[in-house]
Amino acid sequence: MEEAPVVEETGIYDADGVISSDFLAHIGAAIADRATLTLKEDVSSLHQSEIGDLLEALLPEQRRALVELMGDDFDFTALTEVDEAIRLDIVENLPNAQIAQAVQQLDSDDAVYILEDLETEDQDEILAQLPFTERIRLRRSLGYPEETAGRRMQTEFVAVPPFWTVGQTIDYMRDDQNLPDNFSQVFVIDPGFRLVGAVDLDRILRSKRNVRIEDVMRETRHAIPATMDQEEAAQIFEQYDLLSAAVVDENERLVGVLTIDDVVDVIQQEAEEDLLRMGGVGDEELSDTVMTAARSRVPWLLVNLITAFLAASVIGLFDATIQQIVALAVLMPIVAGMGGNAGSQTMTVTVRALATRDLDIYNAGRIIRREMGVGLLNGAIFATLIGLVAGLWFQDPNIGGIIAAAMVINMFVAALGGILIPLLLDKVGADPAVASSVFVTAVTDVVGFFAFLGLATWWFGFL
């Protein structure tokens with residue numbers, strides 16, 4: 001079959017940083033014509049992240065066809081750059097024998113990333129086709145819980161005994177063909193494979209050949225347990241400016257290395273996860289189907305519905321007052337809305353501070369007092385503003401005074417709830433990013449309606 005013409009442009013992105021329509025149309029035409037040579041020439045030269053962007057831009061049937069047509073020339077590392085739904089859609093349509101052949105060419109951390117989402121039966125079948133050593137390494141990584149350092153670590157590393165000389169170490173790194181492609185540290189281990197220390201490559205290059213490794217190594221003060229949560233591991237990298245770190249098992253034996261490129265992915269993944277959870281959409285991805293997206297949003301929408309009925313019941317307590325003073329019905333949403341926004345601001349700052357461990361038992365009291373002050377100050381500012389507007393609008397200073405007082409109360413409670421609710425949820429082991437927004441909104445709605453309508457009922461009854 002005639003091959004499609006090769007695209008002349010060197011870049012695949014347009015001015016907005018997305019896959020250009022011309023390149024996408026070219027690849028789509030090559031797939032439709034089954035122009036294998038063109039695809040191999042134009043796609044194989046791309047970086048794995050660029051291939052990932054291309055896969056996400058293609059239609060599902062085009063993705064599968066692209067992988068099929070490229071065969072052994074397809075870089076499976078690109079599957080670590082796409083959404084889980086896209087990755088599964090591609091992998092589940094490939095024979096396990098092809099996947100087994102492909103993962104042998106990948107770093108262990110990338111291989112685990114692809115295998116971990118497959119069914120156990122498929123994992124076993126793929127692993128059974130791998131060489132013994134590689135199979136054992138991947139099984140060990142897959143045996144650790146999800147989102148731990150053990151799942152994200154790379155099992156290829158360089159380790160030498162402390163009695164070796166610098167010269168022996170350099171010769172070993174030159175001669176051994178099975179070393180990782182990129183590394184910045186040489187780890188030092190005892191006969192039981194327990195971690196003793198580490199030597200940076202620059203230190204080795206600056207030392208004479210007859211110097212013993214134990215004389216130039218440093219103790220590894222930041223070894224990461226394989227069962228440590230990946231977010232905690234990322235925080236260690238951030239705190240100590242690490243490029244890589246040893247990963248050890250429960251017996252302090254070296255089992256892998258965590259590198260900065262994986263940690264950057266973890267930081268981005270955790271940030272996206274927290275943002276989505278704060279919106280009550282769980283782990284939803286853009287590639288999810290309508291049913292999957294709807295199902296992930298239903299639980300917290302249901303909780304929102306329940307809290308909405310709670311707020312409505314508070315309004316129902318004052319229906320007689322609202323019937324007599326219609327202005328209250330007009331102004332009610334202002335009090336609740338301002339309180340909700342203020343609570344969300346405080347909650348966002350608090351959840352982020354908890355995630356980065358900037359908020360703890362030692363500074364919690366000071367932060368709570370600060371937020372209370374912010375709530376009172378903002379409440380006073382906006383109470384004055386809305387009080388004047390409402391008083392002039394309805395030609396009634398009583399209405400202005402009531403909404404001003406309610407605004408101060410609700411803004412104060414919103415600030416207090418925005419910090420105390422996430423702290424309480426974190427204390428009981430719940431994820432503040434998931435549940436805080438629903439409860440903060442419920443508190444500000446209930447308190448806002450009750451304060452505004454309660455004050456109005458009391459004041460006009462007093463008059």
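**Exercise 1. Find which residue of S6 stands opposite Val248, then place its strand in the sheet.**

Step 1. Val248 faces Leu254 in S6. This model is predicted; local features need pLDDT of at least 70, side-chain atom pairs count only at pLDDT 80 or more, and totals for chains, interfaces and linings use all residues. Residues are numbered from 1 along each chain as its sequence is written, and side-chain values use heavy atoms, with hydrogens and water left out.

Step 2. Helices (H or I, at least four residues) and strands (E, at least two) are DSSP runs, numbered from the N terminus. Two strands pair if DSSP finds at least two bridges between them.

Step 3. Look at the partners of S5. Strand S5 covers residues 244-248 and pairs with S6 in the antiparallel sense, over five bridges. Ala246 stands opposite Val257, and Ala245 has Leu258 as its bridge partner. S4 and S5 pair in the parallel sense over two bridges. Here Pro225 stands opposite Val248.

Step 4. Recall the background. Strands of a sheet pair through backbone hydrogen bonds, either parallel or antiparallel.

**Exercise 2. Decide which way the side chains of S5 point, and whether they are buried or exposed.**

Step 1. Start from the rule. In a regular strand the side chains alternate between the two faces of the sheet.

Step 2. Apply it. Ser244, Ala246 and Val248 point one way, while Ala245 and Val247 point the other way.

Step 3. Check burial. Buried means under 20% relative accessible area, exposed over 50%, and partly exposed in between (1.4 Å probe, protein chains only). In S5, five of its five residues are buried. In S6, six of its six residues are buried.

Step 4. Inspect the turn. The hairpin of S5 and S6 has five residues between the strands, and Glu252 takes a positive phi near 65° there.

**Exercise 3. Describe the sheet that holds S1, S2 and S3.**

Step 1. Three strands form this open sheet in the order S1-S2-S3, and the pairing is mixed.

Step 2. S1 (159-160) and S3 (195-200) are the edge strands, each pairing on one side only.

Step 3. S2 (residues 185-189) runs antiparallel to S3, joined by five bridges.

**Exercise 4. Which residues have a positive phi, and where do they sit?**

Step 1. Arg34 is not a glycine, yet its phi is about 55°. Find Arg34 in the loop between helix H1 (21-32) and helix H2 (36-43). Its relative accessibility is 43%, so Arg34 counts as partly exposed.

Step 2. Glu147 has a positive phi near 60°. Its loop lies between helix H9 (132-143) and helix H10 (149-152). Its relative accessibility is 26%, so Glu147 is also partly exposed.

**Exercise 5. Which residues touch the most other members of the largest nonpolar core?**

Step 1. Define the core: a set of buried Ala, Val, Leu, Ile, Met, Phe, Trp, Tyr and Cys residues joined through side-chain atoms within 4.5 Å.

Step 2. This core has 44 residues, and Leu66 and Leu115 touch the most other members. Helix H4 (residues 60-70) gives the largest share, five residues.

Step 3. List the contacts (heavy atoms within 4.5 Å). Leaving aside neighbours within four places in sequence, Leu66 is in contact with Ile31, Leu39, Val43, Leu54, Leu55 and Leu58.

Step 4. Another core lies apart, with 28 residues, including Phe318 and Leu453.

**Exercise 6. Is Ser436 buried or exposed, and what does Ser436 touch?**

Step 1. Ser436 lies in helix H21 (residues 432-462). At 0% relative accessibility, Ser436 counts as buried.

Step 2. Not counting residues up to four places away in sequence, Ser436 touches Met347, Val351, Ile421, Pro422 and Leu425.

Step 3. Compare with Gly71. Ser436 and Gly71 are 365 residues apart in sequence and 48 Å apart in space, C-alpha to C-alpha.
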